[in-house]
Structures are given as C-alpha cells and as structure tokens.
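The sequence and the model come first, then my notes.

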Amino acid sequence: MASLSFTHVKFKNPVADFARTRPKTGLACSNRVGFRVFASETQKEPDLSVTVNGLHMPNPFVIGSGPPGTNYTVMKRAFDEGWGAVIAKTVSLDAAKVINVTPRYARLRAGANGSTKGQIIGWQNIELISDRPLETMLKEFKQLKEEYPDRILIASIMEEYNKAAWEELIDRVEQTGVDAFEINFSCPHGMPERKMGAAVGQDCALLEEVCGWINAKATIPVWAKMTPNITDITEPARISLRSGCEGVAAINTIMSVMGINLDSLRPEPCVEGYSTPGGYSSKAVHPIALAKVMNIAKMMKAEFGDKDYSLSGIGGVETGGDAAEFILLGANSVQVCTGVMMHGYGLVKKLCDELKDFMRKHNFSSIEEGFTSILYYSHRFGKEAARGDQAEKGH
C-alpha cells in the first residue's frame with residue numbers, strides 16, 4: 001500500500017493578508033479570494049493536493065461538520081491522521097438553547113427489517129448543532145490553529161434570523177484564526193422555529209438577505225451548505241453565489257423516518273416513546289447526492305463560467321471511488337462525516353490510496369491535470385431539452 005506524505009507549504013496566509021486589506025463592499029465580495037486547483041512539480045505518484053478558495057490542502061478529503069468535529073481532541077485526531085481539512089460541528093451564540101436527546105441515531109441495514117447483522121447502508125440522526133458553550137469551542141479553534149497553523153480549519157456556523165447576532169458570531173469566530181466559514185443553511189431539524197438551518201436554505205428570499213449580512217461582515221471565504229430537501233437545489237446555490245459566497249457545499253442530510261419498530265410500534269429513533277423525522281445519510285444517499293451536485297455544477301458552469309467559485313461534494317463517501325465520482329462532476333473537495341463515524345478517522349488513508357489507484361489507472365498525474373468534468377455527458381430528455389442542449393453546443 002502506498003504511503004501518503006503530507007507537505008506543509010510555507011507561505012504567507014493569503015486569507016489573513018486579505019482580511020487586513022479587504023474593502024467592505026456589501027454583497028460585491030467575489031474578489032475575496034481566488035480559486036485554483038493545481039499540482040506541484042512532477043512526482044512519482046499522483047498528486048492529491050488542491051487549493052480551494054486560496055486554502056491549500058494536502059488532499060481533497062474534508063471532515064464534514066458533525067460529530068467527527070465535536071471538540072479539540074477529535075479534530076486534532078483528524079489532522080494527525082491526515083485529513084485535508086476539518087469542518088467543526090456547527091456553533092451558534094447561545095448553546096444553552098440547544099437540547100440534544102438520546103438516543104438520536106438509527107441505522108438501516110441491508111437485509112430484513114430490524115436485522116442487526118446486515119451491512120449499514122443508511123444512517124439517520126436527529127442531532128442538533130453543538131450544545132457546548134461557544135467560548136469553549138472558540139478556545140479550541142484557537143488552540144488548533146496555533147498547533148496546526150498550516151492546516152485548514154473551517155467553522156460551521158448557524159444563527160437566528162437576526163443581523164446583529166450573525167455579525168457578532170462571525171466576528172468572534174474569525175478572531176480565533178479559522179480559515180473559512182461553512183454556513184449551515186441546511187440542517188433538516190435545525191430549530192426551524194428560530195429560522196435556522198434548512199428554514200433559511202429553503203426560502204430563497206430569506207437566504208439572500210442572510211447571505212448579504214454574512215458576506216458584508218466576513219473577511220474569510222464563505223461556503224453555503226445546501227439542503228437537498230427542496231425542489232430545485234440550484235436555486236439556493238445560485239442565490240448564495242450571487243450574494244457573495246465563494247462556494248457551495250452539497251448535500252446535507254435528507255429528511256427521513258428510518259422505520260417503525262414492529263415490536264414496540266414506535267418510530268425510530270425513539271426517545272421516551274416519541275420520535276421526529278431526521279437527517280438521512282450514508283451510502284444510500286450517494287446517488288441522490290451525485291445528482292444534486294451534478295445539477296449545481298452544471299448551473300455554475302453555465303451561469304458563472306470561469307469565476308472563482310468552489311463546490312464541495314457530500315454524501316455517502318466511503319471509498320476513493322465515491323470521491324472520484326464527485327470530483328469528476330466538478331467538486332473541488334469531498335466531505336465525509338457518517339463514513340468517519342462508521343469507520344474511524346483512519347479512513348482517510350484508505351480514501352487517499354484508492355483515489356491514487358484510480359488516478360494511476362487513468363494516467364492522471366494530479367487532480368487538476370487528470371480530472372475532466374463529465375458534465376457534457378449529462379443530458380436532459382425531450383423536445384425542449386434537446387433544443388436546450390443544441391443551444392448549449394452552439395454557444
């Protein structure tokens with residue numbers, strides 16, 4: 001098995017430099033950073049390094065926001081194992097309002113309903129954002145950046161429909177030295193009564209307003225995390241980019257009811273006899289995630305062209321091949337959350353080895369030089385679609 005070496009690139013932090021000089025221009029912040037994916041000098045093995053929105057990563061594999069980024073200890077473990085970047089569990093100003101319950105997970109296994117031996121193919125959670133005090137999380141962000149200055153730490157944030165609250169949260173989190181924000185516009189059970197999570201991501205007018213607040217304040221790259229629980233995912237993605245975000249991430253979990261316990265006659269997961277629909281993930285959602293990412297990538301190519309925006313693919317990644325599919329569709333990075341919960345932080349080594357094997361098979365020397373978008377092979381069907389496809393070719 002090939003070993004993976006990580007090289008810390010010594011250079012001035014472009015995000016920090018920009019933060020000192022960036023003019024405040026409201027929504028017009030597409031010049032915050034640039035986006036490039038590039039390879040280093042010729043190497044004996046495929047080069048997995050990428051630079052996304054000015055952030056250099058040794059590989060495209062990113063810890064997705066959730067339990068794998070709960071605290072300093074586990075995020076440190078992720079860096080030590082070799083993950084390209086870490087997105088921490090979502091934080092907000094007042095963690096006291098967040099009440100997590102137990103149990104909050106349910107699993108779908110291949111085989112008969114209720115089987116405890118089949119392979120896990122689906123995972124449901126009803127977990128909320130971080131219930132740890134914000135000050136604790138901020139101290140840990142700062143400690144991680146002091147100990148790993150050349151590694152990429154991204155803060156996932158979510159707040160109520162309140163401009164002042166968003167501005168305070170952004171300011172306090174930026175002071176820790178994190179490299180970027182991922183905005184949680186997509187948690188399916190993200191306290192919608194407070195206009196948080198998917199309640200924003202499903203309302204494009206609300207999304208545009210909140211994106212405006214965020215991008216007028218932030219001085220580091222901003223990714224908007226998309227909900228799949230919407231008719232057309234390109235709509236919120238388009239709004240996010242037009243409102244100043246440097247990138248989008250897709251998808252968050254899919255609203256689901258895992259099943260009904262046929263012995264207790266209660267839905268699962270069951271908390272004191274009650275349950276609620278939650279977020280569905282793991283390999284069962286991978287085909288759905290690919291379709292959503294494909295749609296976003298096609299929209300970005302058609303409407304934003306060569307502008308410096310990024311796309312992070314999420315959904316059911318457990319192998320290097322799973323990741324290659326997202327990258328072939330146009331993703332610049334690939335996030336893994338449930339896969340880490342199931343297989344551990346050491347999964348990144350397997351992902352890197354398998355992605356390199358794929359690249360060797362196709363003689364790809366690097367992600368930039370080897371991977372070519374396959375969006376041309378994605379077509380609609382029907383007379384109107386045919387006319388549209390012909391117009392695209394002519395253009």
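I started with Leu265, which is exposed because its relative accessible area is 60%. The cut-offs I used are these: buried is under 20% relative accessible area, exposed is over 50%, and partly exposed is in between, with a 1.4 Å probe and protein chains only. I note that the model is predicted, that local features need pLDDT of at least 70 and side-chain atom pairs pLDDT 80 or more, and that totals for chains, interfaces and linings use all residues. Residues are numbered from 1 along each chain as its sequence is written, and side-chain values use heavy atoms, with hydrogens and water left out.

Leu265 sits in the loop between strand 12 and strand 13. Strands are DSSP runs of E with at least two residues, helices are runs of H or I with at least four, and both are numbered from the N terminus. The phi of Leu265 is near 60 degrees, a positive value in a residue other than glycine.

Leu262 lies in the loop between strand 12 (259–261) and strand 13 (266–268). I wrote Leu262 down as exposed because its relative accessibility is 62%. Together with Val257 and Ile260, Leu262 makes a nonpolar surface patch of about 290 Å². Patch residues have over 30% relative accessible area and no salt bridge; like charges are joined within 9 Å, and nonpolar side chains (Val, Leu, Ile, Met, Phe, Trp, Tyr) within 5 Å. A salt bridge is a side-chain nitrogen of Lys or Arg within 4 Å of a carboxyl oxygen of Asp or Glu. Accessible areas come from the Shrake-Rupley method with a 1.4 Å probe, and for residues only the protein chains shown count as cover.

**Backbone angles**

Most residues other than glycine have a negative phi, and most peptide bonds are trans. I therefore listed the exceptions I had looked up.

Asn53 has a positive phi, near 50 degrees. Asn53 is in the loop between strand 1 (50–52) and strand 2 (55–57), and counts as buried because its relative accessibility is 0%.

I found a cis peptide bond between Ala250 and Ile251, with omega about 10 degrees. Ile251 is in the loop between strand 10 (247–250) and strand 11 (254–256). Another cis peptide bond joins Glu268 and Pro269, with omega about -5 degrees. Pro269 belongs to the loop between strand 13 and strand 14.

**The cavity**

How many cavities of 30 Å³ or more does the structure hold? I noted one. A cavity is a set of points, on a 1 Å grid over the protein atoms alone, where a 1.4 Å probe fits but cannot get out; lining residues have an atom within 4 Å of a point. The volume of the largest cavity is about 490 Å³, where volume is the space filled by probe spheres set on the points, and points are joined across faces, edges and corners.

The lining has 36 residues, and Ser65, Asn125, Asn252, Thr253 and Cys337 are the closest to the centre. Helix 10 gives the largest share, three residues. By class I listed 15 nonpolar, 17 polar and four charged residues in this lining. Here Ala, Val, Leu, Ile, Met, Phe, Trp, Tyr, Cys and Pro count as nonpolar, Asp, Glu, Lys and Arg as charged, and the others, Gly among them, as polar.

Technical notes
On a 1 Å grid over the protein atoms alone, a cavity is a set of points where a 1.4 Å probe fits but cannot get out, and a pocket is an open set with protein on both sides within 12 Å along at least five of seven lines; lining residues have an atom within 4 Å of a point.
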